[in-house]
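Here is a set of questions and answers on how parts of one protein chain pack together.

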Amino acid sequence: MNKEMIISSSDHDTRVAILEDDQVVEIFIERERSRGVVGNIYKGRVSKILPGMQSSFIDIGLERDAFLYVSEVVNTVEEFDRLESGEDEDEEDDERVTDSSPSLAVAGPSTVVEPDALPAADAAGPAVQNGGARSERRGRGPARDERDRDKPEPKIEDLLKEGQEILVQVVKEPLGTKGARLTSHVTMPGRFLVFMPTVDHVGVSRKIESREERSRLRGIVKSFREQHGFIGGVIIRTAASGRSEEDIVSDLSWFHQIWTEIRQKMESRRAPAVLFQEQSLVVKLLRDLLTDDYTAIRIDDDQEHRRVMALVERIMPSLMPRVKLYTKSFPIFEEYGVQAEIDKALRSKVWLKSGGYLVINQTEALVAIDVNTGRYVGKRTGRLEDTIVKTNLEAVKEIVRQIRLRDLGGIIVLDLIDMEEKKNRQKVFQEVEKELRRDRSPSKALQVSDFGLVIVTRKRVKQSLERQLTEPCPYCSGSGSIKSPFTICYEILTEMQKIGPDLDGQGVLLRVNPDIARALKEEEHALLRDLEATLGKKVTIKPDAHLHHEQFDVMAI
């Protein structure tokens, strides 16, 4: 698969598009005035404890208080200090990596950590729970584990108190009316390593198969830890394979420096305060996504181009010739068809090449995607079932691309065209699973055979493309519809019946929107006669373009 990264950078915002085989599959947007907060580390203050929800609200200086679940609570600095003192730690156990490792959702819109590099679930390694990273303290032997299991689950009111200061990291952007989601289990991704200060484990990605290479990389990390008194968990990523000791030590030195600064700021600054801010969008994407699959990285800004060249030279020097400066005056997103895809992604209807189409509707609770045959009628000699299967298979590929492009998350319901044969339903479902494997965001598909539906759950870290680029319509308040002229005319009649006895004067002046005025004089003229009969007075209609379609004003004259 050929990939390209198109970067459009300006003083106001940065936009990045990922192309796979010349098709736009992902869009990232970062505005200078409202940069994302995922990955940022804060010194927060507990503003409210919710025992009934086993969570708390934390003031980190954003517009809305962020929330922290009980499973995400640990005093990071105290835990780090405990590790420094070496309490209850087994040195041999530090190097253990098992095959039963859970996966980790690392803070950051594009950060990917190899799940097979993490420690076992009974150790201190992070484990996924409810879509967020969850860490527990390291195991201290079977007997200690048995005692830990017998202990009751800690309660939020016992762990935190209102007004308490706590170190937290954002793992999920504020979405809609919800505040950011937090964890106190800090993770800091680098190009070759991931640093987790609240655990004491060295893990290596299972994708690095060579025993010699795994041992070499562990040795580099262990040597650095001993020389610099560096304590904390480290995950060695796949990208570290074959890299020099200098590259690995560079990441470790950066982690050591940044975490030292964070601890100093934690002690000196008053909450709420930012202790660490994630790097720019372009740096994050290159750090986490750049592989040999990328045939070109095109950038339209000279300054950004120089920064990217310097970064690529450090992390993957062999790809430097693929970094290209776009010098045309024509917008780069227009040149490579990205803007047209963004415009299509903001519409609810998506046409398929065969003539079928999708209808995508986002709601507060879920995303519904409907598949229709549209203009596609199949072959003259073909069966209806064959036509439906072909449409569904084509739709599935486009659905997953649209999910990635629009960055849809939560519960996604796919209403495919009903198929009679079970083998065809299974074939289409397998295609859904196959296409989802291309997606970096964790997802899971479930087939609901009784209704012919497929339900996909996808982790949501930031706002969808539509929420980033649009806002609710001020005229219809985001509902997408307004009352019909007949409905408004009937409401006017009902209101007049209520207030008619209180209207003094020889007549009544009715101010309405021009569309309603036309309806009252034409197709709803009979209703106007009923209105005058009810009041026993002449009704004068005055169109007023300043009035909303659903507004009207009554005055006695």
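## Aromatic pairs and helix packing

The structure, a predicted model, holds 10 aromatic pairs.

Q: Are the rings of F195 and F230 stacked, tilted or edge-to-face?

A: A pair of aromatic rings is described by the distance of the centres and the angle of the planes. For F195 and F230 the centres are 5.1 Å apart and the planes stand at 35°. Planes under 30 degrees apart would count as stacked and over 60 as edge-to-face.

Q: How many residues apart are F195 and F230 in the chain?

A: F195 is in strand β12 (residues 193–196). F230 lies in the loop between α5 (211–228) and β14 (233–236). The pair thus links distant parts of the chain, and the separation is 35 residues.

Q: Which class of residue has seven members in the contact of α5 with α6?

A: From α5 the contact uses R216, L217, I220, V221, F224 and H228. From α6 it uses E245, I248, V249, L252, S253 and H256. Sorted by class, three are polar and two are charged, while the class with seven is nonpolar.

Q: Is α7 roughly parallel or roughly antiparallel to α8?

A: Helix α7 (residues 281–289) and helix α8 (residues 302–315) have axes that come within 11 Å and cross at roughly 25°. An angle under 35 degrees counts as roughly parallel. Therefore α7 is to α8 roughly parallel.

Q: How many charged residues are in the contact of α7 with α8?

A: V282, V283 and L286 of α7 meet E304, V308, L311 and I315 of α8. Six of these residues are nonpolar and none is polar. The number of charged residues is one.

Q: With which residue does the side chain of S8 make a polar contact through its side chain?

A: S8 is found in strand β1 (residues 3–9). Leaving aside neighbours within four places in sequence, S8 is in contact with D13, T14, R15, D300, I332 and F333. A polar contact needs N or O atoms within 3.5 Å. At 3.2 Å, the side-chain partner of S8 is D300.

How values were computed:
Residues are numbered from 1 along each chain as its sequence is written. This is a predicted model: local features need pLDDT of at least 70, side-chain atom pairs count only at pLDDT 80 or more; totals for chains, interfaces and linings use all residues. Side-chain values use heavy atoms; hydrogens and water are left out. Axes are lines fitted to C-alpha atoms, for helices over the stretch in contact, and angles run from 0 to 180 degrees between N-to-C directions. Helices (H or I, at least four residues) and strands (E, at least two) are DSSP runs, numbered from the N terminus. Angles under 35 degrees count as roughly parallel, over 145 as roughly antiparallel, 65 to 115 as roughly perpendicular and the rest as oblique. Contact means heavy atoms within 4.5 Å. Ala, Val, Leu, Ile, Met, Phe, Trp, Tyr, Cys and Pro count as nonpolar, Asp, Glu, Lys and Arg as charged, and the others, Gly among them, as polar. A polar contact is a pair of N or O atoms within 3.5 Å; within protein, one must be able to donate a hydrogen and the other to accept it, and residues adjacent in sequence count only if both atoms are side-chain atoms. Rings of Phe, Tyr and Trp (its six-membered ring) pair if their centres lie within 6.5 Å; planes under 30 degrees apart count as stacked, over 60 as edge-to-face and the rest as tilted.
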